[in-house]
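Please examine the sequence and the three-dimensional model shown below. The paragraphs that follow lead through its charged pairs and its sheet.

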Amino acid sequence: MTRRKLLQGLLLASVGGFFARNGIAAPPASMKDIENLQKNWRALLAKDFKAPPPSEPLKLSKEEWRKRLDAEQFQILREEGTERPGSSPLNDEKRPGVFICLGCNLPLFTSEMKYESGTGWPSFFTTISGVFGTRTDYKLIWPRTEYHCIRCGGHHGHVFDDGPPPTGKRWCNNGVALKFVPKSGAV
Ligand SMILES: [Zn+2]
(Lines give C-alpha, C1' and ligand atoms only; values in the text may rest on other atoms or scores of the structure.)
Protein backbone atom coordinates (compact mmCIF):
# COMPACT_ATOMS: atom_id res chain seq x y z
CA MET A 1 0.00 0.00 0.00
CA THR A 2 1.42 3.39 -0.94
CA ARG A 3 1.58 6.15 1.61
CA ARG A 4 -0.97 8.10 -0.41
CA LYS A 5 -3.43 5.18 -0.48
CA LEU A 6 -2.91 4.64 3.24
CA LEU A 7 -3.68 8.28 3.97
CA GLN A 8 -6.79 8.16 1.76
CA GLY A 9 -7.90 5.01 3.58
CA LEU A 10 -7.43 6.65 6.96
CA LEU A 11 -9.35 9.71 5.83
CA LEU A 12 -12.28 7.64 4.55
CA ALA A 13 -12.28 5.52 7.70
CA SER A 14 -12.44 8.60 9.93
CA VAL A 15 -15.25 10.13 7.84
CA GLY A 16 -17.10 6.79 7.94
CA GLY A 17 -16.69 6.64 11.71
CA PHE A 18 -18.02 10.16 11.99
CA PHE A 19 -21.17 9.26 10.04
CA ALA A 20 -21.66 6.03 12.00
CA ARG A 21 -21.34 7.89 15.33
CA ASN A 22 -24.02 10.30 14.22
CA GLY A 23 -26.49 7.59 13.28
CA ILE A 24 -26.36 8.37 9.58
CA ALA A 25 -26.14 5.75 6.82
CA ALA A 26 -22.63 5.21 5.47
CA PRO A 27 -21.56 8.24 3.47
CA PRO A 28 -21.27 8.09 -0.29
CA ALA A 29 -17.72 7.10 -1.22
CA SER A 30 -17.67 8.14 -4.88
CA MET A 31 -19.27 10.66 -7.19
CA LYS A 32 -21.25 7.74 -8.63
CA ASP A 33 -22.87 7.33 -5.16
CA ILE A 34 -23.67 11.06 -5.17
CA GLU A 35 -25.32 10.74 -8.60
CA ASN A 36 -27.40 7.87 -7.22
CA LEU A 37 -28.54 9.98 -4.25
CA GLN A 38 -29.56 12.69 -6.69
CA LYS A 39 -31.27 10.28 -9.07
CA ASN A 40 -33.19 8.42 -6.36
CA TRP A 41 -34.26 11.32 -4.15
CA ARG A 42 -37.97 10.59 -4.65
CA ALA A 43 -37.53 7.36 -2.65
CA LEU A 44 -37.45 9.61 0.46
CA LEU A 45 -40.52 11.66 -0.48
CA ALA A 46 -43.72 11.09 1.52
CA LYS A 47 -46.31 9.26 -0.58
CA ASP A 48 -48.98 11.96 -0.36
CA PHE A 49 -46.68 14.96 -0.92
CA LYS A 50 -47.19 16.72 -4.25
CA ALA A 51 -43.84 18.24 -5.20
CA PRO A 52 -43.96 21.25 -7.53
CA PRO A 53 -41.54 21.11 -10.49
CA PRO A 54 -38.54 23.53 -10.52
CA SER A 55 -39.65 24.64 -14.00
CA GLU A 56 -42.85 26.25 -12.65
CA PRO A 57 -41.73 29.60 -11.16
CA LEU A 58 -43.52 31.15 -8.19
CA LYS A 59 -43.31 34.92 -8.55
CA LEU A 60 -44.85 37.09 -5.82
CA SER A 61 -44.49 40.78 -4.99
CA LYS A 62 -42.60 41.87 -1.88
CA GLU A 63 -45.94 42.66 -0.23
CA GLU A 64 -47.35 39.23 -1.03
CA TRP A 65 -44.26 37.58 0.44
CA ARG A 66 -44.60 39.74 3.54
CA LYS A 67 -48.13 38.42 4.04
CA ARG A 68 -47.10 34.79 3.56
CA LEU A 69 -43.98 34.76 5.73
CA ASP A 70 -43.31 35.79 9.31
CA ALA A 71 -40.72 38.51 9.98
CA GLU A 72 -37.74 36.15 10.37
CA GLN A 73 -38.68 34.02 7.37
CA PHE A 74 -39.08 37.18 5.26
CA GLN A 75 -35.76 38.59 6.40
CA ILE A 76 -33.87 35.39 5.53
CA LEU A 77 -35.64 34.27 2.35
CA ARG A 78 -36.32 37.66 0.76
CA GLU A 79 -33.56 39.86 2.23
CA GLU A 80 -30.70 37.36 2.47
CA GLY A 81 -30.56 37.32 6.26
CA THR A 82 -28.77 34.65 8.31
CA GLU A 83 -30.24 32.89 11.35
CA ARG A 84 -28.33 32.59 14.61
CA PRO A 85 -26.17 29.41 14.57
CA GLY A 86 -27.60 26.57 16.64
CA SER A 87 -31.10 28.07 16.56
CA SER A 88 -32.76 25.69 14.08
CA PRO A 89 -34.49 22.50 15.27
CA LEU A 90 -33.57 21.06 11.85
CA ASN A 91 -29.93 20.79 13.02
CA ASP A 92 -31.03 17.67 14.90
CA GLU A 93 -33.45 16.32 12.29
CA LYS A 94 -32.27 12.80 11.43
CA ARG A 95 -35.41 11.04 10.19
CA PRO A 96 -35.60 9.85 6.57
CA GLY A 97 -37.32 12.45 4.42
CA VAL A 98 -37.00 15.51 2.21
CA PHE A 99 -36.15 19.15 2.98
CA ILE A 100 -38.31 21.52 0.94
CA CYS A 101 -38.24 25.30 0.37
CA LEU A 102 -40.37 27.09 2.97
CA GLY A 103 -41.31 29.68 0.33
CA CYS A 104 -42.57 27.40 -2.42
CA ASN A 105 -42.36 23.70 -1.35
CA LEU A 106 -39.73 22.78 -3.95
CA PRO A 107 -37.77 19.71 -2.73
CA LEU A 108 -34.11 20.77 -2.23
CA PHE A 109 -32.26 18.10 -0.22
CA THR A 110 -32.89 14.63 1.18
CA SER A 111 -31.98 13.34 4.64
CA GLU A 112 -29.24 11.26 2.96
CA MET A 113 -27.52 14.45 1.74
CA LYS A 114 -27.33 15.96 5.24
CA TYR A 115 -24.33 15.76 7.57
CA GLU A 116 -23.27 17.27 10.89
CA SER A 117 -20.84 20.05 10.03
CA GLY A 118 -20.57 21.35 13.60
CA THR A 119 -21.30 24.91 12.40
CA GLY A 120 -24.78 25.21 13.95
CA TRP A 121 -26.53 25.39 10.56
CA PRO A 122 -28.19 22.47 8.72
CA SER A 123 -25.49 21.31 6.28
CA PHE A 124 -25.58 19.18 3.16
CA PHE A 125 -22.80 17.80 0.96
CA THR A 126 -24.95 17.84 -2.18
CA THR A 127 -28.42 18.90 -3.35
CA ILE A 128 -31.24 17.57 -5.50
CA SER A 129 -30.21 18.45 -9.09
CA GLY A 130 -31.21 21.75 -10.69
CA VAL A 131 -32.97 23.34 -7.71
CA PHE A 132 -30.61 26.22 -6.90
CA GLY A 133 -29.20 29.24 -8.67
CA THR A 134 -25.95 30.75 -7.37
CA ARG A 135 -24.16 34.07 -7.48
CA THR A 136 -21.13 35.61 -5.80
CA ASP A 137 -21.84 37.94 -2.89
CA TYR A 138 -19.40 40.38 -1.29
CA LYS A 139 -21.28 41.11 1.95
CA LEU A 140 -18.27 39.98 3.96
CA ILE A 141 -14.72 40.94 3.03
CA TRP A 142 -14.16 37.76 1.04
CA PRO A 143 -16.42 36.63 -1.83
CA ARG A 144 -18.92 33.89 -1.02
CA THR A 145 -21.21 31.82 -3.24
CA GLU A 146 -24.81 32.62 -2.35
CA TYR A 147 -27.50 30.16 -3.43
CA HIS A 148 -31.24 30.56 -3.85
CA CYS A 149 -34.27 28.46 -4.75
CA ILE A 150 -34.65 28.29 -8.53
CA ARG A 151 -38.46 28.29 -8.24
CA CYS A 152 -39.22 31.26 -5.92
CA GLY A 153 -35.82 33.01 -5.77
CA GLY A 154 -35.74 32.65 -1.96
CA HIS A 155 -32.28 32.94 -0.38
CA HIS A 156 -31.19 29.74 1.42
CA GLY A 157 -27.52 30.04 2.30
CA HIS A 158 -23.94 29.85 1.04
CA VAL A 159 -21.91 26.99 -0.38
CA PHE A 160 -18.33 26.41 0.81
CA ASP A 161 -15.48 24.12 -0.24
CA ASP A 162 -14.84 22.54 3.17
CA GLY A 163 -17.41 19.71 3.06
CA PRO A 164 -16.71 15.98 3.33
CA PRO A 165 -15.48 13.89 0.39
CA PRO A 166 -16.28 13.04 -2.33
CA THR A 167 -18.01 16.38 -3.15
CA GLY A 168 -15.96 18.53 -0.74
CA LYS A 169 -18.97 20.89 -0.62
CA ARG A 170 -20.82 22.30 2.36
CA TRP A 171 -24.24 23.71 1.51
CA CYS A 172 -24.80 25.78 4.63
CA ASN A 173 -28.55 26.36 4.84
CA ASN A 174 -30.72 28.52 7.08
CA GLY A 175 -33.10 26.15 8.87
CA VAL A 176 -35.76 28.89 8.79
CA ALA A 177 -35.78 28.68 4.98
CA LEU A 178 -36.55 24.93 5.03
CA LYS A 179 -39.44 22.66 5.93
CA PHE A 180 -38.88 18.97 6.62
CA VAL A 181 -41.28 16.40 5.16
CA PRO A 182 -40.66 13.01 6.82
CA LYS A 183 -40.97 10.01 4.57
CA SER A 184 -43.56 8.57 6.93
CA GLY A 185 -45.78 11.56 6.07
CA ALA A 186 -46.39 12.40 9.74
CA VAL A 187 -45.04 15.90 10.48
ZN1 LIG B 1 -38.58 28.24 -3.21
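Glu 63 counts as partly exposed, at 48% relative accessibility; here buried means under 20% relative accessible area, exposed over 50%, and partly exposed in between, with a 1.4 Å probe and protein chains only. The side chains of Glu 63 and Arg 66 meet in a salt bridge at 3.6 Å, N to O. A salt bridge is a side-chain nitrogen of Lys or Arg within 4 Å of a carboxyl oxygen of Asp or Glu. Both residues belong to helix α3 (residues 62-68), where they stand 3 residues apart, about one turn of the helix. Helices (H or I, at least four residues) and strands (E, at least two) are DSSP runs, numbered from the N terminus.

The model is predicted: local features need pLDDT of at least 70, side-chain atom pairs count only at pLDDT 80 or more, and totals for chains, interfaces and linings use all residues. Residues are numbered from 1 along each chain as its sequence is written, and side-chain values use heavy atoms, with hydrogens and water left out.

Side chains of opposite charge can pair when their charged atoms come close. A search of the whole structure finds 10 salt bridges. One of them joins Asp 162 to Arg 170 at 2.7 Å, N to O. Asp 162 is partly exposed, with a relative accessible area of 48%, whereas Arg 170 is buried, at 11%. Another salt bridge links Arg 144 with Asp 137 at 3.7 Å, N to O; both Arg 144 and Asp 137 are buried.

The strands can be considered next. Strands of a sheet pair through backbone hydrogen bonds, either parallel or antiparallel. Two strands are said to pair if DSSP finds at least two bridges between them. Strands β4 (residues 123-124) and β8 (residues 170-173) pair in the antiparallel sense over 2 bridges, and Ser 123 has Cys 172 in β8 as its bridge partner.

How many bridges join β5 to β6? There are 6 bridges between these antiparallel strands, and Phe 132 stands opposite Cys 149 in β6. The two strands form a hairpin with 6 residues between them. Strand β6 (residues 144-149) is mostly covered, as 5 of its 6 residues are buried. On to strand β7 (residues 155-160), β6 is joined by 4 bridges, again in the antiparallel sense. This hairpin has 5 residues between its strands, and Gly 153 in the turn has a positive phi of about 75°.

Glu 146 brings both topics together. This residue lies in strand β6 and stands opposite His 158 in β7. Glu 146 is buried, with a relative accessible area of 1%. Together with Glu 80, Arg 135 and Lys 139, Glu 146 is linked in a network of salt bridges. Its side chain also makes polar contacts with the side chains of His 148 (2.9 Å) and His 155 (2.8 Å). A polar contact is a pair of N or O atoms within 3.5 Å; within protein, one must be able to donate a hydrogen and the other to accept it, and residues adjacent in sequence count only if both atoms are side-chain atoms.
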